[in-house]
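Thanks for coming, everyone. Please take a moment with the sequence and the structure on the screen.

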Amino acid sequence: MKDILAEIVAHKRIEVERMKREMPAATLRAMVERMMGVPVPSLKAALKASTTGIIAEFKRRSPSKGWLNEGAKAAEVPMEYQRNGSAAISILTDGEFFGGSDGFVTEARKAGVTLPVLYKNFIVDEYQLLQARLCGASAVLLIASVLDRGECKRLIDAAHGLGLEVLLELHGEDELGYAELCPDVCGVNNRNLGTFVTDVANSFRMAERLPKGLCKISESGIHDVNTAARLRAEGYDGFLIGESFMREEHPGRALCRFVFGLDAMQTSNGATPRRVKVCGLAEPENALAVARLGVDMVGFILSKASPRYASPQRMKAVCAAIDGMADGKRRPLKVGVFVNETTEGIVSAAKEYALDCIQLHGNETAWQLADLRAALRRESLGSVLLIKAISVATREDVERATEYAAVADLLLFDAKGKAAGGNGTRFCWDVLEAYRGTLPFILSGGIGPECAAEIAAFMHPRFAGIDLNSRFETAPGVKNTIALERFITSLRSVSSSSS
């Protein structure tokens with residue numbers, strides 16, 4: 001059988017020698033030294049801080065499967081990943097076999113990516129570490145089966161000397177000794193790089209054999225949230241996922257669905273805090289203050305009938321404030337909330353305000369959502385997520401939510417009331433036992449400062465987050481940021497202590 005890894009490494013050694021002739025190592029090092037004062041974000045810290053630990057990969061081609069997404073752009077997809085919940089980003093830079101380039105890392109950084117970036121290549125020489133640092137990477141991949149232990153140790157030390165972290169990739173038990181070389185992160189690859197055959201069971205076999213306390217991830221072949229949740233339960237801090245996202249037309253949307261699904265799977269076991277959406281914002285300074293609390297989504301009601309209506313003038317100011325967040329915090333997703341609006345009106349607003357999500361809070365049918373999805377694609381807005389709100393009073397209301405499974409990305413269950421949201425009223429959460437759908441859902445309707453323990457105790461395999469609105473207001477459209485911060489801290493504290 002052809003050994004693909006051996007072929008790649010042999011070619012890489014020839015390629016590196018050619019590049020050294022084109023740009024001597026001394027010249028490259030001098031360029032790197034001039035930028036050493038600029039720190040790069042930590043991959044290990046990002047994984048440890050994340051509730052999902054997903055390293056989403058920008059990978060256009062595979063030697064075994066050909067082109068996955070030939071038209072994908074490095075200035076677009078990594079930014080989609082950043083907006084939609086990735087803990088870090090991996091970028092394939094090998095050109096010959098994976099269609100990659102060092103320039104992809106540079107393009108991603110120039111586009112605004114601030115997350116840690118893993119330089120994914122087949123590193124056999126310190127020269128490549130200099131290339132990684134020069135293009136803006138945070139960490140590099142070293143593959144144990146490609147290097148003897150002496151080479152691996154030298155490259156780890158050299159990477160650390162350049163301010164780079166190291167993800168050391170293992171495949172089998174015979175490589176466990178490499179974990180003693182003090183990599184920052186250890187990855188278990190479920191794909192045999194010689195044959196490219198993938199078996200996720202490899203990570204489960206290796207879980208107990210890896211040193212305790214080591215930051216570790218599982219790589220390759222992770223396509224569903226059930227597998228990811230089981231791996232986290234086995235002690236993995238994260239996952240490197242590429243092909244299942246890159247095969248989608250919009251990889252960022254696929255990532256967001258995965259993140260919410262994994263959160264739901266974990267919260268059903270009481271293991272992680274919930275995603276938080278704050279809706280009904282209408283004042284720029286207040287919206288920015290809410291965004292800085294670290295919430296995941298901020299919602300703006302674009303229905304004129306609502307007392308929290310965000311007028312075009314306000315929306316432009318609010319979006320400018322949130323898009324301009326420059327204090328190092330990841331900005332939340334911007335959600336436009338519509339009630340029985342025309343497709344044309346929704347698409348126009350999504351384009352003007354650069355919305356990340358559209359929430360439909362009226363009587364929209366599944367057919368209308370499909371029509372909207374097609375219209376968004378025609379306007380190059382296919383990465384926008386669709387959230388369908390379901391007004392709930394009875395089990396029958398919950399059961400009808402399944403009709404949106406093929407056209408929405410998320411559901412939001414809210415209490416039936418006089419207005420479409422923001423009524424401050426609750427429905428009986430017990431009726432959600434009737435929901436047997438596949439889409440994750442956000443819980444809304446009258447959630448107030450006293451509800452943290454009740455939310456932490458609520459279990460459902462698709463429960464992914466909460467929506468906060470009128471119970472945290474000082475006036476319509478203005479939120480009490482002190483009360484919000486206390487509530488979010490309390491919720492996460494209760495969730496952590498119960499896990």
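I will start with the whole protein and then turn to one strand.

This is a predicted model: local features need pLDDT of at least 70, side-chain atom pairs count only at pLDDT 80 or more, and totals for chains, interfaces and linings use all residues. Residues are numbered from 1 along each chain as its sequence is written, and side-chain values use heavy atoms, without hydrogens and water.

First, the overall build. The protein has 18 helices and 20 strands. These are DSSP runs, numbered from the N terminus: helices are H or I with at least four residues, strands are E with at least two.

Next, size. The C-alpha atoms fill a box of roughly 70 × 45 × 40 Å along the principal axes.

How much of the protein is buried? Buried residues make up 58% of the 499. Buried means under 20% relative accessible area, with a 1.4 Å probe and protein chains only.

Now strand β5, residues 117-120. Val 117 and Tyr 119 point one way. Leu 118 and Lys 120 point the other way. All four are buried.

Which way does β5 pair with strand β4, residues 88-92? The sense is parallel, over four bridges. Pairing takes at least two DSSP bridges between the strands. Within this pair, Ser 90 has Leu 118 of β5 as its bridge partner.

Conventions. Buried < 20%, exposed > 50% of the residue type's maximum accessible area, 1.4 Å probe, protein only.
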